[in-house]
2 protein chains.
Amino acid sequence: MDTQAAIGIDFGGTTIKSAIVEKGVVLQRGAIIDTQGVGDSTALITALEREIAHLRAQHGNIVALGIGLPGLVDSAGGIVHRLSNVPGWTDVPLRDLLRRRTGLAAMIENDANAMAYGEWKYGAARDGTNVVCITLGTGVGGGLILNGELYRGSNLGAGEVGQMSIDLRGRPGNYGNLGALEKYVGNVQITERAHAFYARSAEPRDLGRCTPAELSTAARAGDPIALGIWQEVGTEIGAALASVVWLLNPDAIVIGGGIANAGELVFEPIRRTIAERTISVLSEELNIVPAQLGNDAGIIGSAELALDTAR
Amino acid sequence: MDTQAAIGIDFGGTTIKSAIVEKGVVLQRGAIIDTQGVGDSTALITALEREIAHLRAQHGNIVALGIGLPGLVDSAGGIVHRLSNVPGWTDVPLRDLLRRRTGLAAMIENDANAMAYGEWKYGAARDGTNVVCITLGTGVGGGLILNGELYRGSNLGAGEVGQMSIDLRGRPGNYGNLGALEKYVGNVQITERAHAFYARSAEPRDLGRCTPAELSTAARAGDPIALGIWQEVGTEIGAALASVVWLLNPDAIVIGGGIANAGELVFEPIRRTIAERTISVLSEELNIVPAQLGNDAGIIGSAELALDTAR
């Protein structure tokens, strides 16, 4: 008999990716679905079903199905309350719909939680007991593993590191907090900050040359403005994480998302800031590491969560 | 047969209080020991033993002994690494010493964790699943109950809400963090802030009339400076707690310690700030409540933790 496998689905605002996952390894990928191009939620669910059937035909022992979605997801009740950047998903009982239509043990989860679960079970934080996982991109998301379990919070809303404040009188975040971290270190904010710095310099750059990827290239070539920006961004991320460390005393912090591609340019100031702003008992054994599963973290995490929940 | 009872001990920087506790109720108190007046750790442990023997003579079924201590306490290994404000306690294997000398199932714990445990089992947060407990006094301490268990963190250092930052460029805290909450809302800081405000007013006050207790009295009499200070203090505490809520999505926040005696003067701005800076799914079902066990939280929590650990 084949080892038990699951289908993991990463439901993003732009694309939906799926794959067969066995023991944390992607065996076979499904076709990519265009999230915005297929139609309403009913049409999308039908497209998902088709992809699921296609994947099942290629493996003999698929027993579960997990989906990570960006938004307010009630994993206990199986309801998608609403999705960020995808209209038409209001209180959709997605888990039970898929259970009925596929006969698989289905599971839905917030995408950041699914990624944290993947990185914890098979990625950068394997064997961790208390793990904080953040993703740095357009926004800043997060998921928590505490006492060796996915921690969801009382209303399944925990882990929002991007909404934590670094300045009680700072910039308003999208959800009401002043000084919300993601209003400083989101992609757009980094780009705008760089643009403003270069505008005051001898070599102004247009916005397209101020993206995080361009800033990494420039910094690696020794550009002092780009180097300075990564120091600032890393210090701000580190300041927020220092508060997380004082509160949760984790053994690992996993950092993923596009910004993490800046590598040591951003990891160095993050590590330094956390070490400076906490004490050795909290920081010395703390691993601050890049995510390992890359774009597959959501697929792998969703699949494994579905398998573990079905067991 | 009597119900099983435990001795709970609240080891403070000034006094050590003990009592017999049964089902969360203090049955009988021991004599208060002067923490600084007895001598070194050996002398203090002997004094504790005497008090324990005295209490045991008064109840037929004492099976456990719990001590909450202010400092770095390894509850798993039973070692007191060091105590805040009490010299001479370096790596004392207190739990095993007491086990050997008393024959009781002994347990040691950080005092803020013990208080959180007490408030969760028998106080303001009974039946909570995810509870954040903070104490506002000279410093700001905290303890966490997550997924229905005391959460200690990877190095037993979790829960330090007072060291979380409200301003990444703010005042340096005692342990390295910039903008550490307790450097704004500790007793001394509140007093100094009030003193500075009154100094610029038509009615300056000396420091002795700027204590939190005096400010409560003045605010209740309508004094606008005192009212304004409580608003500021509550906003700062609320700002830190809003970040905690984004990260942990708890169902209850319990607030104790001397500052909490200001009652609605400080609870109103705390509640308002958290509601303004989070979203309804996180704040609407969140109970923000005063501690109920008062000065007995540490005694009750230590005793119950010892009983539950022994079971």
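This note sets out points on helix packing, the sheet and the relation of the chains in a predicted model.

1. Helix pair in chain A. Helix 5 (residues 187-199) of chain A and helix 7 (residues 224-248) of chain A have axes that come within 10 Å of each other and cross at roughly 140°. Helix 5 of chain A and helix 7 of chain A are therefore oblique to each other; angles over 145 degrees would count as roughly antiparallel. The crossing of helix 5 of chain A with helix 7 of chain A is right-handed.

2. Residues at that crossing. Helix 5 of chain A contributes I190(A), R193(A), A194(A), F197(A) and Y198(A). From helix 7 of chain A, the residues that meet them are I225(A), A226(A), I229(A), W230(A), E232(A), V233(A) and E236(A). By class, the contact of helix 5 of chain A with helix 7 of chain A comprises nine nonpolar and three charged residues, with no polar ones.

3. Sheet in chain B. An open sheet of five strands is present in chain B, with the strand order 11-10-9-12-13 and mixed pairing. From one strand to the next, the twist averages 25°.

4. Strand 12 (residues 252-256) of chain B and strand 13 of chain B run parallel and are joined by four bridges. Within this pairing, I255(B) has P290(B), in strand 13 of chain B, as its bridge partner.

5. Helices across the sheet. Helix 3 (residues 111-122) of chain B lies across strand 9 (131-136), strand 10 (140-146), strand 11 and strand 12 of chain B, and its direction is at about 50° to strand 10 of chain B. Helix 7 (residues 224-248) of chain B lies across strand 9, strand 10 and strand 12 of chain B. The angle between helix 7 of chain B and strand 9 of chain B is about 160°.

6. Relation of the chains. Chain B is superposed on chain A by a rotation of 180° with 0.0 Å of shift along the axis, and the RMSD is 0.0 Å. That is the relation of a two-fold axis. Among the residues of chain B, D167(B) comes closest to the rotation axis, at 2.1 Å for its C-alpha.

7. Interface. Of the interface residues of chain B, 100% are also interface residues in chain A, so the copies meet through the same surface.

Conventions
Residues numbered from 1 in each chain as written. Chains lettered and ligands numbered in written order. Predicted model: local features only at pLDDT ≥ 70, side-chain atom pairs only at ≥ 80, totals over all residues. Heavy atoms only, no water. Axes fitted to C-alpha atoms, helices over the stretch in contact; angles between N-to-C directions. Helix = DSSP H or I, 4+ residues; strand = E, 2+ residues; numbered from the N terminus. Parallel < 35°, antiparallel > 145°, perpendicular 65-115°, else oblique. Left-handed = near helix turned anticlockwise from the far one by under 90°. Contact = heavy atoms within 4.5 Å. Nonpolar A, V, L, I, M, F, W, Y, C, P; charged D, E, K, R; others polar. Pairing = 2+ DSSP bridges. Least-squares fit on C-alpha atoms with pLDDT ≥ 70 in both.
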